[in-house]
Amino acid sequence: MWWGYSHPLDLQEVIQKKDQVSDNLEVLIVGAGDARHIVKTIASSYMHSVRTITYHVIEPTLEQVARSILLLNICLEKDLGLQEATRYYLEILGNTLLRPATAKYLGKCAKLLINIPTQTIECPWLSLEKFKHKERDNLECIFKFWARATCEGVPIVNYWDQRIRKSLQKRYDCKEGVFDWDYYMVLKPRCTTNLSVQEYKFWRNNGVAFTWVEGEPARSNPTLLNNIIQYGPGFIHYAYLGDIVNGPFFTWAAIERKEDKKATDIAEREVMRAIHEIRTKEPLCDDYVGAHRDASILNGTIVCEMPESEMENESWKYGDKHKSDEKKISWVEIPNHKVIFHPATSLESFKTKCEYRNRFHLIWVAHNMTKQLSNLVPLASAGAPVIVELRKCMAELRKEDLNIFTKELKGIAQENGLRSIHDFDSNDHILAHFCKN
């Protein structure tokens, strides 16, 4: 639930395949799990004609909304170095444990982001006006929890291990064999990626996906905790309920390359490229990515040891008042882009509102949101592309499961007036492209 299972798309490029493109584009993104499509589209906008793009985003939970805001903030914040921002993004996206520097940034940033739902500061690229006051209060609560939990620590690796035990049950004692099977028999033959078995198994064991030998992940990542609720002076949550089988590798690290690099290096390059293009509106030279590092370790040692649990749970000083609260975030100017988050209830209410019918020039739908197509198709303009994420990169599903999903999706699409642009199969394709009749 915390990340998607498809590569980031330049949505403007997809829309431009139509004969006529409006100067004011509106896209709807449903259940993407992270901000990758928005980041990629903003980064690639310098290659297209100047247009205004409004991103309407619906996520099932407020925690996912908060994480998307945080990830977008990392990409747009002026004060971060390029490598610094890249690693912050990847660690917060997919690691249960963060390097201390990343954890300090998260705690500091969360305190500043509290001011967005409270409207204490104006965020020019973001709108939460569609949320009710209660939902904004809950968003504020989530940011407060992140700031506090980053300092006080939460045993997220223990939560992870409990999920693994519950999932594998009697097979827990031979879990290494289970992880090997999922990698060699399912993911490797099905998904073209630079993901190594060492990276995959380390993530399956501990939830740490992206590592660098220059820093040790040692602090818990509270952005991966679910159902955060304020309770008196403290907070309660439902521990970790996210993905423990597939990993965040199939977003930025799923770029098909013939180079002999691990997934972390590929992901670092692609995120760094996107952030560089957002800032400079110029392409990034591939050689630049490794320029700040010793070339011998670009595909060298993979971190495969966990820190002592005392480091994860060591308490840092926390206070409600902090000098950083007085500081304002400085963002890269993106005047032609606006992100509007909508509550999950909008999936039902949009179709009854005339202002949203036939409005969107593109709709992107996650693999677990296909049942909502009957609510979403009336929102697409005539001839608009509708892109649906498939389940090819999900190791827990076998070939028969993917065949059933493909058949069901084709049936739902036909019932709702969607024409398939090309034939698709979840065993072979990552995305299904449709067009509204």
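This is a predicted model: local features need pLDDT of at least 70, side-chain atom pairs count only at pLDDT 80 or more; totals for chains, interfaces and linings use all residues.
Colleague: How many helices and strands does the protein chain have?

Modeller: The protein chain has 15 helices and twelve strands. Helices (H or I, at least four residues) and strands (E, at least two) are DSSP runs, numbered from the N terminus.

Colleague: Why is D34 called buried?

Modeller: Buried means under 20% relative accessible area, exposed means over 50%, and partly exposed lies in between (1.4 Å probe, protein chains only). D34 has 5% relative accessibility, and therefore counts as buried. In the protein chain, buried residues make up 59% of the 437 residues.

Colleague: What makes the pair D34 and R36 a salt bridge?

Modeller: A salt bridge is a side-chain nitrogen of Lys or Arg within 4 Å of a carboxyl oxygen of Asp or Glu. For D34 and R36 the N to O distance is 2.9 Å, so the pair meets the definition. R36 has 0% relative accessibility, so R36 counts as buried. The whole structure holds 17 salt bridges.

Colleague: Why does the pair E270 and R269 count as a salt bridge?

Modeller: Their side chains meet at 3.9 Å, N to O, and the limit is 4 Å, so the pair qualifies. E270 has a relative accessible area of 7% and is therefore buried; R269, at 6%, counts as buried. Elsewhere, salt bridges that share partners join D34, R36 and E389 into one network.

Colleague: How do you know that helices α4 and α5 are roughly perpendicular?

Modeller: Two packed helices are described by the angle between their axes and the distance between the axes. The axes are lines fitted to C-alpha atoms, for helices over the stretch in contact, and angles run from 0 to 180 degrees between N-to-C directions. The axes of α4 (residues 82-94) and α5 (residues 100-113) come within 10 Å and cross at roughly 85°. Angles under 35 degrees count as roughly parallel, over 145 as roughly antiparallel, 65 to 115 as roughly perpendicular and the rest as oblique. The helices α4 and α5 are therefore roughly perpendicular to each other.

Colleague: Which residues of α4 and α5 meet?

Modeller: Y88, E91 and I92 in α4 meet A101, T102, Y105 and L106 in α5; contact means heavy atoms within 4.5 Å. E91 also forms a salt bridge with R99 (2.7 Å, N to O), and both R99 and E91 are buried.

Colleague: What makes helix α9 mostly covered?

Modeller: In α9 (residues 197-206), nine of the ten residues are buried. Among them are Y200, F202 and W203. The cover includes α4, α7 (156-168), α8 (175-190) and α10. Just after α9, G207 takes a positive phi of about 85°.

Colleague: Why is F131 called buried, and which residues does F131 contact?

Modeller: F131 has a relative accessible area of 5% and is therefore buried. F131 lies in the loop between β4 (126-127) and α6 (133-152). Leaving aside neighbours within four places in sequence, F131 is in contact with L62, V65, R136, L139, F341, H342 and P343. F131 and F341 are 210 residues apart in sequence, yet 7.7 Å apart in space, C-alpha to C-alpha.

Colleague: What makes the nonpolar surface patch of about 280 Å²?

Modeller: The patch is made by M1, Y238 and L241. Patches are made of residues with over 30% relative accessible area and no salt bridge: like charges are joined within 9 Å, and nonpolar side chains (Val, Leu, Ile, Met, Phe, Trp, Tyr) within 5 Å. L241, with a relative accessible area of 43%, is partly exposed, and L241 is found in the loop between β7 (234-236) and α10 (263-280).

Definitions and conventions: Residues are numbered from 1 along each chain as its sequence is written. Side-chain values use heavy atoms; hydrogens and water are left out. Accessible areas come from the Shrake-Rupley method with a 1.4 Å probe; for residues, only the protein chains shown count as cover.
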